[in-house]
Amino acid sequence: MPPPGCPAHGMARNGLVRLPEVTDPAATYEGLRKQHGPVAPVLLHGDIPAWMVLGYRENLEVMRTPKLFSRDSRLWNAFIENRVPADSPLMPMVAWQPLCVFADGDEHARLRGAVVDGLAQFNRRGMRKYVTHYTRQLVAGFRRDGTADLVRDYAEPLPMLVVSRLLGMTPDKGPLLVEPTLDLVRGSETAAASNAVVTQVLTDLVAYKKTTPGDDLASRLILHESQLTDTEVVEHLRMILVAAHQGTVNLIAHTLRLILTDRRFRGSLSGGQMTLPDALEQVMWDNPSIATIPGRWATSDTMIGGQHIRKGDLLMLCIAAANVDPEQRPDLSVPMHGNRSHLALSAGPHECPGGDIGRAIADTGIDELMSLLPDMALAIPETEIGVTSNWLTKRPDALPVRFTSPRSLGDLHPAQGAPVAAQPLPAASNPQQHSRPPAAVSSQQGSWWRSLLSR
């Protein structure tokens, strides 16, 4: 295997790119575009073949034509031919589940309708209160020496703290799900175990909410007129949790990186030439939170982007490549302020229904963070910022910063300001446990997580 950095790294003997081994996604996408055009053959985990859709127009065509490109993964010829092992890292993302994202037509409308109605109850004002509260809590828990990693200490926990409450969980449950939710998207060897952890927590939540409903998404799905089964409710909660958390983590991390490293970007924000919502849209153009979406499955033999697609072939929608398609954006230096035609939230009947929730969390969270820590500055040279990337996503690995601790939060007790420790979800039959006070951060959280995966 050629070493990382070598042009041949991540390529199979037949010259096809192995997506799980890609270390520079942007360069890989452009190399594929030059070699194959807007649709390119690639290999997934286990060298299973797939098609990478790189072109903007081609992505739109696939997204908007469910009759030709279905979301039903049971059509995948690799599944039909038993070429995907049960423990494949692909399974959490592509194995068919009773979800609106794996359905088309009337069934899709039934399931998506419940999700859209459930999300509609959360207005921006209510969201802002949640985000502001948790931002202040997280900042108060930063180290007393005036340093923090804005990825690990802020971007990763904030969306989970907010979204888990919207789903109906008690405050101590959010930290429980941060690492497994991130892990199941990575396509790692522990992805299946992480997926099982998240699913079990949500199964317990649904059992509890069936007896004790509240003003939350879990209760709304349970009681919705679409009459979702318990399994459908659990799977849709998992879908929303994973998508909202992963997408918002990356959106916050990418935006904070720009603020910390690009003086013109930060100056435009502080000077009023660009609003924070405009900045978020620019980030969604240049660094979409989910770089690649798996997937669509061809319902019959067809052609797209000059490639012959067989019935049952998997198509990976490469949003990151589509958003910088030279036909769509010949000059990437031109700002895209106010332009929401990017594909970061997909398009067509499967367009993300919760995009405004992610925007609200990122917008309010970054705005509040900058207000609390106006003098925060990167603690390392910009060139030392690493990148965490996998077959689906890419974001800054860490954003170490220095700042002056805000006096307004100085008197907050550490146990209140720090993220609460991960605790098991109380059993549905013992709801009184839900009212116990949150604990301080546990120093054993890492070992707790390893013990979960070893069960």
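Let's start where two helices meet: the axes of H8 and helix H9 (residues 174-186) come within 9 Å and cross at roughly 125 degrees. This is a predicted model, where local features need pLDDT of at least 70 and side-chain atom pairs count only at pLDDT 80 or more, while totals for chains, interfaces and linings use all residues. Residues are numbered from 1 along each chain as its sequence is written, and side-chain values use heavy atoms, leaving out hydrogens and water.

A quick word on terms: helices (H or I, at least four residues) and strands (E, at least two) are DSSP runs, numbered from the N terminus. Axes are lines fitted to C-alpha atoms, for helices over the stretch in contact, and angles run from 0 to 180 degrees between N-to-C directions.

H8 and H9 are therefore oblique to each other. For angles, under 35 degrees counts as roughly parallel, over 145 as roughly antiparallel, 65 to 115 as roughly perpendicular and the rest as oblique. On the H8 side, the contact (heavy atoms within 4.5 Å) is made by Pro157, Met160, Leu161 and Ser164, and on the H9 side by Gly174, Pro175, Leu177, Val178 and Thr181. Those residues divide into 6 nonpolar, 3 polar and no charged. Here Ala, Val, Leu, Ile, Met, Phe, Trp, Tyr, Cys and Pro count as nonpolar, Asp, Glu, Lys and Arg as charged, and the others, Gly among them, as polar.

H8 (residues 157-167) also packs with helix H16 (residues 355-372), at an angle of about 130 degrees and with the axes 11 Å apart. H8 and H16 are therefore oblique too. From H8, Leu158, Pro159, Val162, Val163 and Leu166 meet Ile357, Ile361 and Gly365 of H16. That contact splits into 7 nonpolar residues, 1 polar and no charged.

**Strand S9, covered on both faces**

How many residues of strand S9 (residues 314-318) are buried? The count is 5 of its 5 residues, where buried means under 20% relative accessible area, exposed over 50%, and partly exposed in between (1.4 Å probe, protein chains only). In a regular strand the side chains alternate between the two faces of the sheet. In S9, Leu314, Met316 and Cys318 lie on one side and Leu315 and Leu317 on the other, all of them buried.

Strands of a sheet pair through backbone hydrogen bonds, either parallel or antiparallel. Two strands pair if DSSP finds at least two bridges between them.

| Strands | Sense | Bridges |
|---|---|---|
| S3 (residues 49-53) and S9 | parallel | 3 bridges |
| S6 (residues 292-298) and S9 | antiparallel | 5 bridges |
| S10 and S13 (residues 400-402) | antiparallel | 2 bridges |

Zooming in, methionine 52 has methionine 316 in S9 as its bridge partner, and isoleucine 293 stands opposite leucine 317 in S9.

Three strands, in the order S5-S13-S10, form an open sheet with antiparallel pairing. Its edge strands are S5 (147-149) and S10 (377-378), each pairing on one side only. Leucine 378 has valine 401 in S13 as its bridge partner.

**Alanine 103**

Where does alanine 103 sit? It's in the loop between helix H4 (91-94) and helix H5 (105-120). Alanine 103 is buried, with a relative accessible area of 9%. Not counting residues up to four places away in sequence, alanine 103 touches Arg71, His108, Leu111 and His350. Proline 66 is 37 residues away along the chain, and its C-alpha atom is 9.6 Å from that of alanine 103.
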